[in-house]
Every structure is written in structure tokens, then in C-alpha cells.
Amino acid sequence: MRGALRPGARAGLVGGAVLVYLALVGMLVKFEELRLVGSQVTRGRLLLVLPPFAASFFAVRPRVIGGRVEQPGPGVALALGAVAGALVGAVGSVGLALVEAIGVERIRPVFVAVSPALVETLTFGRGAAAGAAILVVGGAALGAAGGIWRAIRHGLRRPVEVGLLTVVTLAMLQRIVPFMLDELRLERDWLYSRATRGLTWTGAVVVLVVATAAAAYVLDRRERRALAPAAEGRPEVRGWRRTALVTIAVVLAAALPQLAGSIVSEIMGTVGVFLLLALGLNIVTGYAGMLHLGFSAFFLIGAYAVALLTGANLVTAFGLVAPRFSADLNFYLALVLVVAIGAAVGALVAAPVLRLRGDYLAIVTLAFAQIAVILATSSWLQPITGGPQGLRDVTKAPLLGLEFRSAERFYYLVLAFCVLAVFVSWRLAWSRVGRAWNAMREDEQVADAMGVPTGRYKMLGFAIGGAIGALGGALFAVKVGTVQPGSFEIIQSITVLAVVILGGLGSVPGVVLGALVLLALPGLLSQLEEFRFLIYGAVLVAIMILRPQGLIPNVRRMRELREEERTQDAWQQIFAARQEREAAEEAAEAAP
Amino acid sequence: MSRLLEVSGVVKRFGGLAALDGLELHVEEGEIVSVIGPNGAGKSTLFNVVTGLYPPDEGDVRFDGRSIVGLRPHQITKLGIARTFQTVHLFANMTVLENAMVGQHCRTRSGVFGAIVRPPSTRREEERIREVARRSLAFFGPRLAGYRQEQPAFVLSYANRRRLEIARALATEPRLILLDEPTAGMNPRETLEMRDHIVRMRDELGLTVVVIEHDMRVVKGVSDRVIACDYGRVIAQGTYEAVAHDPQVIEAYLGRRAVG
Ligand SMILES: Nc1ncnc2c1ncn2[C@@H]1O[C@H](COP(=O)(O)OP(=O)(O)OP(=O)(O)O)[C@@H](O)[C@H]1O
Ligand SMILES: [Mg+2]
């Protein structure tokens, strides 16, 4: 029994460490300010509830023992969960006791976030002893709940999880959704309280029920379809459904600025720029299978190229000066050139590294991004790039008397190019070119032996990825109006890579979703900005553990999993039939 | 008959070891030639040199009268030499049909523009790729037919993976096909089936076949000529009967076994 509880203890200690960490970085207190549902459920309390719940969830996960998957029964799940949750609370209590013993004032210079407000939050305003008791008992209760939760059948659990997630998301979007409802002239007081700004209890319950029911319906249908024979894969049907989905998405996206106002347009404009980058990277890394850690270089190249081609000015001590080389082209003409430049640079950079694979290639691409920034900053190129100050007065992309600097207008500009890039990516995936990349990603040497000129296809991947990335850079320059080397640091490359991996390598819908989750959500959910990279890290680690193929996996990978299940089912049926037959034969033999 | 493949004086060294040591052989058009020899004789290395995976250190390889030394593997495939691997190498996450479609790559041309715009010429070409791929899968009758074509390659049974690898090679529309132990890991019935398929490749598809094989029933059943190698050199060649009774060949097999 003691050995059996060990997973609970381990998860509990990790959960406790997470709780202490969240408290020390200031997330708990900072998050307290936002009320989610009624006046009771605040974001800080949600964050407080999460570690014990998550710890027990992990403690009770199914284990493979002797080649068989063992799911702990309800009793064990309860015990394990309670142990894990109580330990999380206990670790928190120990932290509290330490703070009490040393004194808030003496800790504060080291850990800024340790404040009376934090102690207040953790003790629920009832003093240290009572607070510690609440933490441990509450933790145990939550842990037990989490354990039981895990033991519930998947088909029941999933819809409720989706429902809860919907409630939390809507509650977090309290700055935006009520505004949209007002724009649509919909009654909203039942859903969002004017006093707390969060959801009302009625609203939360209604949303929970509706979302849960909807999720149950969709998941059930999907399950049934997956188990049906393969005839379901008729391309026309899928094509029709996809067209409908894409149309709805585009219409919604087009209506967004009207509904949600300029703050959302501003955020979504930036998301669009990064989505372009991510789509470019998806071609290099997702389709062609070459890890690229320096994709921000194309971002930089596109931005500088468009600035120089459309008559931007240098910032100098003597005021604005025209760069040594520049042109004053129409933006859309310049854009064609920028795309060509992106493609050319992509291919040129690829040429010397064609023989490198995997890690080596990744390091070279990293260096490539660094070199691009250093060149742009250098005094050698200052007459052209403006050095650290960069360029300003980038074109406003005028078209038929319209300018695209304002948040709404820019949003439409970037949306148009995103739709184009999605279309291109999707067409490429299902073509001879896409097949060649796919083969190359699977096994480069064999692809070569089967007649795919791998060198040429690597260059092609870099060129097309680079072209789309440069397009993103060009639009970024239009949005901001200035170009500075500081905007193109390594972290941009990492962010874009995170989007692609989170969404699902090689999956266009995945990349779009990844951009929304990783870039739009932190902007829309107020106050997350400060903890952005912390959250990125946590999300990526979670994805790698729970869903390594990404949120919406590439069709091929999805097929992999589904097919495996199906063959396994079929195999089990055959196996069962054979056993039955053998049993019958044995019985027949035994009988005289 | 004309000489389709001619390997002369080829040396391939790995460190101090000469895997091919002045190998001389030729293959006539329309022939089925078996290459036999003990483990480590250099048979697979021969295939790797002919298909451009390894450059030879010395010597020349001529295909249809033209030297192919120094060409990249995909260029050699395009000239008309296809191959399979001793250890099966499929594109595991692509479907069975897509695997075969990759074989058509070197016979088709549509590029990025065609992919994005999809003009009629590209659609026709895509249709043709699909057609040829289906046809090469159909070479194995019902084995790779029907719903299997939409399955990812990794769910196939071992024997079917070998068949798919051959189908993918056939989809390159080669003149010469090199099969590296096509029956390894197959059960006796599947082995006999494969023996018939090898003969059909020549009789129905008009291919020239070189096959590395350890199973002597297959060698006996398919070969117009048998070439025995050891230590990277040809030690005997001729009809199956002649080679099987050649003292040097017997010595190579037995001697090696006695040492091992
Ligand atoms: N890439 C390589 N690097 C180093 N040595 C190699 C390499 N490929 C082959 N060899 C060596 O060359 C010799 C010939 O190998 P090869 O694979 O051609 O033998 P084989 O006749 O195909 O044998 P088998 O019947 O076992 O397949 C062996 O000693 C092998 O170890
Ligand atoms: Mg071999």
C-alpha cells in the first residue's frame, strides 16, 4: 500500500513546488484582481486550486505494468489523489510557516512578491494556523476530486472539461466579449455582471451546460466516424466540409474588427504577422523537415527590404535622411520584390548547408539569424540600414486612396495575406512537391534513391518558407511604421517555432490555432503579458508530454493513431473469435 | 542483346577493408541475374555503388553504354535503374499509394506553380501519377489492393512492406531493377510467390533484373545466370548448375562457415 501511494507523494511534492513558485513570481497575487464568476471565483483562486487538482490528475494516470495498461480503480484513485492534494497543501503551509517565522519584511527584498497580500491570499484572511489547515484539508479534498475525475470514463469526462474550459475562457475574455455582445445589440446582463465585470452565476451555469452538451455531441459523432469503416474518407465529402469550415472562419475573421473594436484588431494584426511567419516556418520545418531556429532573419529581411524599396528615411543626428540605396516604389509592387528577395535569400542560405542535417542545420540557421541582426546594426551598413536606430516613415501601403496603418485597416491587409498563405500551404501539401518533401522528411537518402532531387527540394523549401516569412516582415514594417534591429531578436524565432510545434508540425489548421492560442490569447486575456514566457514554457512542456503531435496534428499523423486503434480493434475481434472457437473445440474434445 | 549494365574494375574501400575489390560484371538487357555470396561478400555494396549511394574509389559503372559514376542517386533513378533495400526503407507515415506515387516523381515535372494554381496539365499529370502507382501496386494482385492503399505503410505486414518497396521501385518505370534479398523474412509460400513475381517482371514488364538472394530455390528458379562473389570479387559465374558445383563457390560458403 505504501508503495502504491508513491506516485501520489511524488506528484504532490511537484505540485507543491509549483504552488510555491507561482506564489514567489507574483502570479497568485497579481491574478487575484480579476473576478471570473460571481464575486467568489477569482482568477487567483483558480490558480490556487489548479496545483492540487493537476497533481492528483497526474498521480492517478494510467500506468503500463507488465505490458498492460492499468487504470487505478476509484478507491485507489481517491486515495492517491487525496495524498497528492494534501501534500501540495502541506508544502504551501510549510512555505507559509517559513514566511511567518522569518517575517514578510525580511523576505521581501529577495522575493518581491512575498507581500502581506500574498499571505492574505494563502491564508484566506484567517491567520496562519487556520490558513495552513485550510490549505492541507482543501488540498486533500481537491486532490481526491481530481483523482475521481481521472477515473471517470473518458466519454463523460471530456465534454465537461470542454464546458469548464469554455466558462473560464469566456470569463477571462470579459473585456472583449461583452463589448461584442453590445455591438451585436444582444442582451448581456444575464451573462456578464456589470458590478464584478465577470460572469454571473446564472451565465456560467448556462454556458457550462450548453458547451458540455455541444462537446458531447461533437465528440460522440467523431468517435463513431473514426470507428466506421474507411469509406468515410471519400475526398469530395471531406473537401466540402473543409470548404464550409474555411468559409465560416474567414467570414468570422472578417467581421472581427466591427464586433470587437480596435484593441482586438490591433492584437489580431500582430497575430496575423506572426501567423505568416509561422506558415513560412511550417513549410521549412513541418513539410520539408528541416529544423530552422533562425526564422526571424526572414522577418528582418522583409521589413528592411520593404522599407528601403518604398522610400523610408534614416534616423540620424541631423534629422531624417534618405538611405544610400533606396527606391520609392508602390507598396504592392515592392511586395512582389520583397517576396522574391525572401525566396532568393532562402535559397542562397540553403545552398551551402544542403549537406547538413538535424542539429547541425539548426545551429547554422541560428547563426544566420544572428548574422542578419548584426549586419543590420553594423556601422558598415549604417548608410543603408540606419544602424541601431533603423529606418522610419515606412509606407502606409496606400491602395485606391486607403491607407493601412490604422489597426482595423491593417488587420484586413494582413488577413488577406494570411488567407493567401494558408491557401498556398494547403495546395503545396497535396501536390507532387508536397509529396516529395514528405518523402524527404521521412528518409532523405531513400527519397533521393527513389528519384527525388533532395538538394533542390531543400532549397525550394527554404525559398518558399523565406518568401512567406519575408512577406510577414514587410507587413510588420507597415504596421509599426519603423524598422529597428531590436525587433528581430532570437526570441521571435523561438516564438514562431513554438507556434508551429504547439499547433502541430506540418498542419496548417494547427499552425493557425497555435498562433491564436500562443499569441492572441495572452494579449486578449488581460495582464498575462508579464508572465507570457513563463506560460509559453509551461504550455510547451505540457504539450510535449500530453500531446507531442500538436493540437491539431498533421493528417498523416492523425491517420496513424486512428488506424492503429482500428487495426487493433479488428485484431482483437479476430483474436476473441479464435479463442472462442478453440474453447468450443476443447469442450467438444472433452465431451466423449 | 546488348549490355545494359557494365561494372568494370570497381573498388570500394571502407577504411582498410575493400568491400569491392576490382569487381567485374555485366548484365545483358532482358536477363535475370542472381548475385550470391556469403555474408559480407560485398553484394549490397555493389548495389549501393551502382545506384550512386556510394561513389566508387576506382573503376567504372556503365549503364546503357554511358558512365554513371559521379551521378547523384536521383539522376541514376531517372536514367532507369530502380532498387529495393536489404532492410526495408519505406516512407512509413505516407499511405501505401503515396509511397508508390513518390516513385513517379522522376517521370513527372509539375512544380510549385502547378501545385498552387492547379492548371489542367497538372491535374492530368497527377491523375497519371496515381494511375501508374495503382498499376505498380496491382502487380502483386490483391496483396496491395483496395483499402490497403489508403493505409499508412507502417501498418503493413512484413511481407507486404517488401512488396510495397518493389512496387515503389516499379513506379519509377525503370529498365533495370535491383532487388536486395526480396524474400528475406518471408515464409515459404510467400517466397515461392515472389519467385514467380521476379520472372513476371521480365516477362510481363520487360525489365532486366538483378537479384541478391540467399534462398537457393529462388536462385535456381529465376536465374538466367548466376554470379557468385566473395571478398568483393566475382569468383564464378554461369548457369545455376555450374556455379552451384564450382569448387571455389563451395569453398567460399563452407570455408566461411568453418571459420565463423
Ligand atoms: N557503410 C559502410 N561502412 C563501413 N563498412 C561497410 C559499409 N557498408 C558495408 N560495409 C562493409 O563492407 C563489407 C561488404 O558489405 P555488404 O553489405 O556489401 O555485404 P553483403 O554481401 O551485402 O552481405 P549480406 O549478405 O550480409 O547482406 C562488409 O564487411 C561490411 O561490413
Ligand atoms: Mg547485403
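The model is predicted.

Start with chain B and its four-stranded sheet. Strands of a sheet pair through backbone hydrogen bonds, either parallel or antiparallel. Here the sheet is open, its order is β2-β1-β4-β5, and the pairing is antiparallel. The edges belong to β2 (17–28) and β5 (66–67) of chain B. Each of these two has a single partner strand, so one side of each is left without a neighbour in the sheet. Look next at how β5(B) is held in place in the order. It pairs with β4 (residues 58–63) of chain B over two bridges, in the antiparallel sense. One residue pair to find is Arg62(B) and its bridge partner in β5(B), Ser67(B).

Helix α1 (residues 43–50) of chain B lies across β1 (3–14), β2 and β4 of chain B. Its direction makes about 115 degrees with β1(B). Is α1(B) enclosed or open? Seven of its eight residues are buried, so α1(B) is largely enclosed by the rest of the structure. The buried residues are Lys43(B), Thr45(B), Leu46(B), Phe47(B), Asn48(B), Val49(B) and Val50(B). Just after the helix comes Gly52(B), with a positive phi of about 85 degrees.

Chain B has another open sheet, this one with six strands. Its order is β6-β7-β8-β3-β9-β10, and its pairing is mixed. The edge strands are β6 (81–83) and β10 (233–238) of chain B. Again each has a single partner strand, so one side of each lacks a neighbour in the sheet. From one strand to the next, the twist averages 20 degrees. Within this sheet, β7 (residues 176–180) and β8 (residues 208–212) of chain B run parallel, joined by five bridges. Leu176(B) has Thr208(B) as its bridge partner in β8(B). Helix α6 (residues 158–170) of chain B packs on the sheet and touches β6 and β7 of chain B. The direction of α6(B) makes about 160 degrees with that of β7(B).

Move to chain A. Helix α8 (residues 154–172) of chain A has 19 residues. From first C-alpha to last it reaches 26 Å, close to the 27 Å expected at 1.5 Å a residue. Several of its residues are buried, among them Arg157(A), Gly163(A) and Met172(A).

Phe325(A) lies between β6 (319–321) and α13 (331–350) of chain A. Is Phe325(A) buried or exposed? Its relative accessibility is 57%, and the cut-off for exposed is over 50%, so Phe325(A) counts as exposed. Phe325(A) still has partners: leaving aside neighbours within four places in sequence, it is in contact with Leu308(A) and Ile384(A). Pro383(A) is 58 residues away along the chain, yet its C-alpha atom is 8.3 Å from that of Phe325(A).

Finally, see how the two chains meet. The size of an interface is often given as the accessible area lost when the parts come together. For chain B and chain A, about 3,200 Å² is buried between them, with 61% of it on carbon and sulfur atoms. The contact draws 38 residues from chain B and 32 residues from chain A. How many salt bridges cross the interface of chain B and chain A? The rule finds two. Arg435(A) also forms a salt bridge with Glu126(B), where the closest N and O atoms are 2.8 Å apart.

Conventions
Residues numbered from 1 in each chain as written. Chains lettered and ligands numbered in written order. Predicted model: local features only at pLDDT ≥ 70, side-chain atom pairs only at ≥ 80, totals over all residues. Heavy atoms only, no water. Pairing = 2+ DSSP bridges. Contact = heavy atoms within 4.5 Å. Axes fitted to C-alpha atoms, helices over the stretch in contact; angles between N-to-C directions. Expected span 1.5 Å × (residues − 1). Buried < 20%, exposed > 50% of the residue type's maximum accessible area, 1.4 Å probe, protein only. Buried area = accessible area lost by both parts, 1.4 Å probe. Salt bridge = Lys/Arg side-chain N within 4 Å of Asp/Glu carboxyl O.
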